[in-house]
Amino acid sequence: MKRGWTLPILALAGFVFLYAPIVSLVVFSFNESQLVTVWGGFSTKWYGELFRDPQILNAGWISLQIATASATFATVLGTLAAFVLTRFGAFSGKLLLTGMVTAPLVMPEVITGLSLLLLFVAMELTFGWPAGRGLTTVIIAHTTFCMAFVAVIAQSRLRDMDESLEEAARDLGAGPVRVFFDITLPVIAPALVSGWLLAFTLSLDDLVIASFVSGPGASTLPMVIFSKVRLGVSPDVNALATIIIAIVAFAVVVAGLLLRRSAAQNPQ
């Protein structure tokens with residue numbers, strides 16, 4: 001074997017190892033048979049069964065609400081944190097703020113979920129809010145988790161941005177707030193959209209953190225899927241997983257295209 005072919009072959013083997021099970025899952029979601037490992041012919045009936053399942057529909061609606069709210073709050077807070085870290089120079093506590101913003105990136109989800117659960121319990125005992133666990137606690141937890149990813153994306157774009165545009169606006173008499181909304185925000189908008197899509201995807205897929213902080217009536221779609229899989233994989237679960245894969249793939253592709261477009265429009 002030539003040396004030049006070794007790396008491509010190993011890379012191909014790695015991709016096959018990672019994506020072959022996903023491809024198999026998608027193929028068998030169109031299986032006629034009730035046995036998930038035996039091909040019985042092409043059929044879309046399991047997608048129809050899926051959309052007639054009230055538990056799945058309710059969990060999907062809850063997950064969409066949580067993901068949309070969490071992604072929106074995470075984008076706002078992550079953008080503000082990134083702006084402070086890149087535009088305010090050195091200040092007391094900057095290192096601490098940087099560590100707090102990026103900690104969820106490396107913190108195990110089990111630790112994050114457990115710590116947030118203890119926080120919510122302590123807050124309920126002290127202030128009476130939040131009363132129990134539900135949509136509110138899951139949204140807060142996912143916002144905390146996703147904000148770090150948005151902040152990293154926004155920081156990268158702010159560092160690459162030509163600051164002379166902001167300086168020119170200030171020289172012309174624009175205040176800091178107007179400079180941010182008229183100059184900075186439009187320039188970094190593609191990165192923020194990418195961050196929102198990434199946060200939406202992470203919130204939609206999360207199982208561990210949601211399992212800690214959710215309560216009755218707030219079971220997310222991954223939690224319902226996990227409970228179904230524990231009793232055995234059924235064809236409708238394959239169909240549901242295929243839909244989630246399509247949504248996540250679409251979000252990731254759109255985010256990548258927006259970042260690429262942003263980089264092309266603002267070459268260094």
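## Packing of α7 against α8

Leu165, Glu166, Ala169 and Arg170 of α7 are in contact with Val179, Ile183 and Thr184 of α8, contact meaning heavy atoms within 4.5 Å. By class, this contact comprises 4 nonpolar, 1 polar and 2 charged residues, where Ala, Val, Leu, Ile, Met, Phe, Trp, Tyr, Cys and Pro count as nonpolar, Asp, Glu, Lys and Arg as charged, and the others, Gly among them, as polar. The axes of helix α7 (residues 164-171) and helix α8 (residues 176-205) come within 10 Å and cross at roughly 145°; axes are lines fitted to C-alpha atoms, for helices over the stretch in contact, with angles running from 0 to 180 degrees between N-to-C directions. Helices are DSSP runs (H or I, at least four residues), numbered from the N terminus.

The model is predicted, so that local features need pLDDT of at least 70 and side-chain atom pairs count only at pLDDT 80 or more, whereas totals for chains, interfaces and linings use all residues. Residues are numbered from 1 along each chain as its sequence is written, and side-chain values use heavy atoms, with hydrogens and water left out.

## Aromatic pairs

The structure holds 9 aromatic pairs, defined for rings of Phe, Tyr and Trp (its six-membered ring) with centres within 6.5 Å, planes under 30 degrees apart counting as stacked, over 60 as edge-to-face and the rest as tilted. One of them joins Phe28 and Trp39 edge-to-face, at 6.0 Å centre to centre and 80° between the planes. Phe28 lies in helix α1 (residues 3-28) and Trp39 in the loop between α1 and α2 (45-50), so this pair ties together parts 11 residues apart in sequence.

Phe30 and Tyr47 form a tilted pair, with ring centres 5.1 Å apart and planes at 35°. Tyr47 is buried at 14% relative accessibility, while Phe30 is partly exposed at 25% (buried means under 20% relative accessible area, exposed over 50%, partly exposed in between, with a 1.4 Å probe and protein chains only).

## Salt bridges

A search of the whole structure finds 7 salt bridges, each a side-chain nitrogen of Lys or Arg within 4 Å of a carboxyl oxygen of Asp or Glu. Asp53 and Lys228 meet at 3.6 Å, N to O, and link distant parts of the chain, Asp53 being in the loop between α2 and α3 (54-87) and Lys228 in helix α10 (residues 221-230), 175 residues apart.

Glu163 forms a salt bridge with Arg87, the closest N and O atoms being 3.7 Å apart. Salt bridges that share partners join Arg87, Glu163 and Glu166 into one network, and Glu166 is also among the α7 residues that meet α8.

Technical notes:
Helices (H or I, at least four residues) and strands (E, at least two) are DSSP runs, numbered from the N terminus.
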